[in-house]
Amino acid sequence: MLRRTLFASAVAAILSACGKSEETAPEAAAEHVPSTTGGKVDAKLSELGIEIPEAAVPIAAYTPIRKVGNMVYIAGQGPQMSGSVGIEYTMEQGKDAARQAAISVLSQLRKACDGDLDRVKQCVQLQGIVRCTDDFTEQHLVINGASELLRDVFGDAGLAARAAVGTNALPVGFVCEVIATFEIA
């Protein structure tokens with residue numbers, strides 16, 4: 001909700017700076033909400049009990065998705081959890097956080113594919129950043145939460161070249177952040 005409010009405020013400010021009426025702001029702020037296609041991937045998501053939320057709007061100066069040819073680059077997505085693995089969360093809880101972040105990745109990917117996740121050919125690269133203590137060395141196991149979800153949804157095409165690293169801080173206190181690149185049809 002905060003992201004929508006910030007987005008609507010930003011659109012109104014931009015329109016005002018351009019000499020446009022704020023009355024046009026709701027039209028500009030309205031996002032294209034892709035409909036789901038009911039394809040194979042949607043059936044798999046349903047089978048796994050996964051509900052993909054609406055794609056979140058950015059909270060800073062960036063775009064959450066960038067399409068270049070048949071490649072989709074998805075900016076860092078985080079879970080609805082804040083804290084650090086090794087303090088507030090165990091490795092298993094961190095793994096669940098990475099899974100949640102991957103679901104946010106899927107929401108952005110669905111938007112990039114105009115609602116049709118069957119267009120996904122493969123996940124090319126996955127990068128995971130884990131907020132953790134200095135002595136925590138199981139970042140790879142935490143990010144497995146994201147990798148396993150994408151594998152479960154897309155099969156072998158969901159397995160990607162991957163990196164998993166640790167850090168002392170992430171934006172808005174996220175436990176982890178997942179960045180992904182996909183090839184689509």
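**Reading this predicted model, step by step**

Q: What makes strand 5 (residues 176–184) a mostly covered strand?
A: In this predicted model, 8 of the 9 residues of strand 5 are buried. A residue is called buried when its relative accessible area is under 20%.

Q: Why is Cys 176 called buried?
A: Cys 176 has a relative accessible area of 0%. The cut-off for buried is under 20%, so Cys 176, with its 0%, counts as buried.

Q: How do you know that strand 2 (residues 71–77) and strand 5 pair?
A: Pairing requires at least two bridges between the strands. Strand 2 and strand 5 share 5 bridges, so they count as paired, and they run in the antiparallel sense. As one example, Gln 77 has Val 178 of strand 5 as its bridge partner.

Q: Why is Val 172 called exposed?
A: Val 172 has 56% relative accessibility. Exposed means over 50%, so Val 172 with its 56% falls in that class. Val 172 sits in the loop between strand 4 (161–167) and strand 5. Together with Ile 59 and Tyr 62, Val 172 forms a nonpolar patch on the surface, with about 260 Å² of accessible area in total.

Q: How many disulfides does a search of the whole structure find?
A: The search finds 0 disulfides. To count as one, a pair of cysteine sulfur atoms must lie within 2.5 Å.

Q: Why is Cys 132 called buried?
A: Cys 132 has a relative accessible area of 7%. That value is under the 20% limit, so Cys 132 is buried.

Q: What pattern does the protein follow along the sequence?
A: Read along the sequence, the order is α-α-α-β-β-α-β-α-β-β. The protein has 5 helices and 5 strands. Of its 185 residues, 42% count as buried.

Key:
Residues are numbered from 1 along each chain as its sequence is written. This is a predicted model: local features need pLDDT of at least 70, side-chain atom pairs count only at pLDDT 80 or more; totals for chains, interfaces and linings use all residues. Side-chain values use heavy atoms; hydrogens and water are left out. Buried means under 20% relative accessible area, exposed over 50%, partly exposed in between (1.4 Å probe, protein chains only). Helices (H or I, at least four residues) and strands (E, at least two) are DSSP runs, numbered from the N terminus. Patches are made of residues with over 30% relative accessible area and no salt bridge: like charges are joined within 9 Å, nonpolar side chains (Val, Leu, Ile, Met, Phe, Trp, Tyr) within 5 Å. Accessible areas come from the Shrake-Rupley method with a 1.4 Å probe; for residues, only the protein chains shown count as cover. A salt bridge is a side-chain nitrogen of Lys or Arg within 4 Å of a carboxyl oxygen of Asp or Glu.
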